[in-house]
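Please keep the display in view while reading.

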Amino acid sequence: MMINKLLKKIENRQANQLYSKDFLLTWEKSLKDLEQVLDIAQLLKLMREINISSKVFNSGLAISIFRDNSTRTRFSYASAANLLGLELQDLEESKSQIAHGETLRETVNMISFLSDFVGIRDDMYLGAGNTYMREVGEALDDGYAQGVLPHRPGIINLQCDIDHPTQSMADLLHLKNHFGSLEALKGKKIAMSWAYSPSYGKPLSVPQGIIGLMTRMGMDVVLAHPEGYGLIPDVMEIAEKNAKISGGSFKVVHQMDDAFKNADIVYPKSWAPYQIMEQRTVLLQKDDQEGLQKLEQEALTNNAKYQDWHCDAQKMKLTKNGEALYMHCLPADISGVSCEKGEVSADVFEKYRIETYKEAGYKPYIIAAMMFANKYKNPEKTLQKLISKASFRVL
Amino acid sequence: MMINKLLKKIENRQANQLYSKDFLLTWEKSLKDLEQVLDIAQLLKLMREINISSKVFNSGLAISIFRDNSTRTRFSYASAANLLGLELQDLEESKSQIAHGETLRETVNMISFLSDFVGIRDDMYLGAGNTYMREVGEALDDGYAQGVLPHRPGIINLQCDIDHPTQSMADLLHLKNHFGSLEALKGKKIAMSWAYSPSYGKPLSVPQGIIGLMTRMGMDVVLAHPEGYGLIPDVMEIAEKNAKISGGSFKVVHQMDDAFKNADIVYPKSWAPYQIMEQRTVLLQKDDQEGLQKLEQEALTNNAKYQDWHCDAQKMKLTKNGEALYMHCLPADISGVSCEKGEVSADVFEKYRIETYKEAGYKPYIIAAMMFANKYKNPEKTLQKLISKASFRVL
Amino acid sequence: MMINKLLKKIENRQANQLYSKDFLLTWEKSLKDLEQVLDIAQLLKLMREINISSKVFNSGLAISIFRDNSTRTRFSYASAANLLGLELQDLEESKSQIAHGETLRETVNMISFLSDFVGIRDDMYLGAGNTYMREVGEALDDGYAQGVLPHRPGIINLQCDIDHPTQSMADLLHLKNHFGSLEALKGKKIAMSWAYSPSYGKPLSVPQGIIGLMTRMGMDVVLAHPEGYGLIPDVMEIAEKNAKISGGSFKVVHQMDDAFKNADIVYPKSWAPYQIMEQRTVLLQKDDQEGLQKLEQEALTNNAKYQDWHCDAQKMKLTKNGEALYMHCLPADISGVSCEKGEVSADVFEKYRIETYKEAGYKPYIIAAMMFANKYKNPEKTLQKLISKASFRVL
């Protein structure tokens, strides 16, 4: 039975470095730990499908701090928290006293007296989002060490300037299920490609998350973008190192066609050039509206040169048997649907639409698995208990 | 015992067409199904009063989408969801990425991975609200059929441009309890009457909901309004047809007095003329602020001609023994209280104030009953289980 | 064992005047009742620390009405509700129909059909906040008496113009634990002192709450403020009366040094003068923006004269052995940290920072205890049941 097989794998893996640890960057986690998250997520999904409750918390709050708009991630986090028995409480900064000069350290403790998790999305400012999460973590460490907090709430990175681990891990689970196993991903070519979008300033966290994670799977990871659309150098280095260790490869090309050629998987998605994001961060911090508008104009003018970076049927023909798996974190800029000219043609998107929905559908379980592995040193024991007790989710 | 009697009725009725179906319009439901909802609502109310838990969901989300302001309906929906064990998650469109051109179909799936219900209020645009709900339904059908969603979340219409089924069903339960039975409603005269209000653009869904539902009860339904304040023609036809089938009657008069004469029940309430709502919809869609202001002025000037459409003590004297039951969905425009001159005089409203509160108090249970009947093919079995287990709501 | 000792105390105290009563002002409660709240809070905190569930509600809503910004109190209330099993539902007045002239009485009933508590913060308008809470209470009384509501939801004052009972009670629990017992507080000198702040219009509820409560503990309460920064006269009278009864003392001084001299506890905090708050209330009600700005300028200019009302190391040296306990409701205006010049120097604040966090950490449990004592006539019985059943909070 699928359930027992997963339980066995989780038990045998003995991956307990997730216990009591924040989940901030996939490359801070061992392969074993990542596999553990995938298996717990899969098991929680299975349990829900057969109406077995995963409610391990009888009470408790899961705090969210969203410093940028979000539907999907917000609902994924709420769903994960609710699945385990936690109630979502959003820290709306406009409503709160953070805006009034209160120090972060204090606020973090004030909202955490009865909280089990803090989920944070902060991808607006290059160099700031992940740093902010670590500051929150230090505040929580301090509060717990000093006896202010009864336990140390875990932090889940719901997207920062560097990584988007709940997305990349959901993507990986999708790939695992699509190709049958993680083993099967070895040697597969994935094209993480820039694509044209009429909007500007899209975060770098998705492509960075993908190259930072997929290079660990022994995959041939090709990053494609026009000249000048590079990612954060540190993450590039990590991807290179990862590929060496995993026996995969990592290279950068400046033609979409090169990336698509013979690819097993394509992930065409727009992002802002690293350097533009740096300038934007400075302007945002100075609240220089005029400068921001000028930068946007420049960036859009520059983007417009690359409208042919477009994932259409012709491009897809270049891929392995013309049948590469198309991936996207959604929402995609679909030409003729959500915009005049965008990242992907309507026919290609429609062909893979349901696949992208399923890809997204793993996210709530990935988040729940991250929470679960943070809370339990031996997650298999608790999972076993839940399964043998078999309380129904719906009576 | 009341509880067993209700359980027996629910079991014997064998009304299982509610199972797995959205609740969008009362006239899409059989009489048997509507009676089932009333009895389940009554039973859930009774259970709560004697401290028996109705919590059938151990986890799960109830999503709400409110495209118009709302206090009562929001709290009714939250209360219903909570009563059954679901956590409310509001999709705030301003916060979400819907505003950024994302297609409805996609969003609906993205927020529904772990959701059991979607409650929608959308009564701003004539021709749009109910249509929107059906689009959401199709997106959910598609997601479920394609294996994206583990089950098909049910949709509850929390008010649209056509019907307001949770209101009209709460009204019906109130009438049933007031007059003793549904049987007792046969031949009773109900006056659904337009009344003057200093505000403009009130939705048509309440009067339409009332004439669409009460005509099925064998009642003599009289719709009264000044010339030019008609309702959607389709709903008028439905009311006529319903009356023929049920052995009741449906007629339209243009004098408030005619409607009130010998009425058993009066429901005086303002609404905007159908034609005005149509013009308004076009202007809203074009965001034509000047046009909207002009239309508002015209409409208010027109309304002002009918200030004598006012439910006061003199009008109430015309009713059956001067003692008709006054109804309102609340909040009412009370003359000298919430406005200078409104729908109802302060003395009449005060006499029936508590009755209108009780009328409103059925709504959370009606919503919970709609959810319950959607989730269980044989609701009596689950209700029986809850009652025999008798977990306390409060320890 | 600590738990049994607390249970015994709660049982023996026989303090049942909290049952079914709103918690609006500490001075409306008997000493016995206040001690009961402290002990229940302590027990709930202890239970959570050893993973025993306090979930007594299987479903139910805790409504919050925040008429002013709030992070801490919002999260404290949410945490308390969640600890006992209630789901928070915020009545956002901007979203609701209150703004549309709906009467308070009606709204209160409409949102309370399935609610167990209403927590209200309303400290903006002098003479209005506490009055508003009592109006809500009357509406609930009426609704319950008339059969509209199945039970009478309790009201928790989350800060009003007169008192801030959840804060002062959390402060008292902190003092009790710091000094070992309530008995140990007798004869201790507490300096509730005004302090300089660059902001304006801070509410009076904290200093009023402190002098109204601590004078009942047999403490020597010294209120210090510059001339013209007086509190509401009624509360001053209450403090004097309390001191006489408790065998403590209450006096007012106009030098910070006098207050700090030999103090066991200091509570330096800014507030607006009573008379300024009165003028401000009138201007706010007239929405006189120009008048408000003028008043603010005057007030700030006036404040600026008292920049030496600053809690620094030198001032602390005046206190008992130079080691008085520093208290603050947070956030404090910390000189050189959250503002250029504020209530407290950075070194003094840092020394006591963790203490102030712990002080704040009692608030969720104080609120939960107020709810608990409102719901149960014999709270010890339910607490005993929870403890012997020992359901885990986290599996």
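In what order do the four strands of the open sheet of chain C stand? The model is a predicted one, and in it the order of the strands in chain C is 2-1-3-4, with parallel pairing. The edges of this sheet are held by strand 2 (87-90) and strand 4 (154-160) of chain C; each has a single partner strand, so one side of each is left without a neighbour in the sheet. From one strand to the next, the twist averages 20 degrees.

Strand 1 of chain C, residues 61-66, pairs with strand 2 of chain C in the parallel sense, and four bridges join the two. Within this arrangement, Ala62(C) is placed opposite Leu88(C), a residue of strand 2 of chain C.

Attention now turns to the division of a chain into domains. For chain A, the domain assignment gives domain 1 as 2-163 + 363-389 and domain 2 as 165-360. A distance of 26 Å separates the C-alpha centres of domain 1 and domain 2 of chain A. Between these domains, 27 residues of domain 1 of chain A are in contact with 27 residues of domain 2 of chain A. On the side of domain 1 that touches domain 2 in chain A, helix 2 (31-49), strand 4 (154-160) and helix 14 (363-375) each supply at least two residues. Helix 2 of chain A gives the most to this side of domain 1, namely six residues. By residue class, this side of domain 1 of chain A divides into 16 nonpolar, five polar and six charged residues.

The contacts between chains come next. Chain A contributes 29 residues that are in contact with 30 residues of chain C. On the side of chain A that touches chain C, at least two residues come from each of strand 2 (87-90), helix 4 (104-110) and helix 15 (379-389) of chain A. Which element of chain A gives the most to this side? Helix 4 of chain A does, with four residues. In composition, the side of chain A that touches chain C comprises ten nonpolar, 13 polar and six charged residues.

Chain B may be considered in its contact with chain A. Here, 29 residues of chain B are in contact with 30 residues of chain A. The side of chain B that touches chain A receives at least two residues from each of strand 2 (87-90), helix 4 (104-110) and helix 15 (379-389) of chain B. Helix 4 of chain B gives the most to that side, with four residues. The residues of this side of chain B are divided into ten nonpolar, 13 polar and six charged.

The copies use different surfaces, for 3% of the contact residues of chain B recur in chain A.

Chain A and chain C can be compared in this way too. Chain A is superposed on chain C by a rotation of 120 degrees with 0.0 Å of shift along its axis, at an RMSD of 0.0 Å. Glu87(A) has the C-alpha nearest the axis in chain A, 4.6 Å from it. Here too the copies use different surfaces, and 3% of the contact residues of chain A recur in chain C.

Terms used:
Residues numbered from 1 in each chain as written. Chains lettered and ligands numbered in written order. Predicted model: local features only at pLDDT ≥ 70, side-chain atom pairs only at ≥ 80, totals over all residues. Contact = placed C-beta atoms within 7 Å. Nonpolar A, V, L, I, M, F, W, Y, C, P; charged D, E, K, R; others polar. Pairing = 2+ DSSP bridges. Axes fitted to C-alpha atoms, helices over the stretch in contact; angles between N-to-C directions. Least-squares fit on C-alpha atoms with pLDDT ≥ 70 in both. Domains from an automatic or database assignment.
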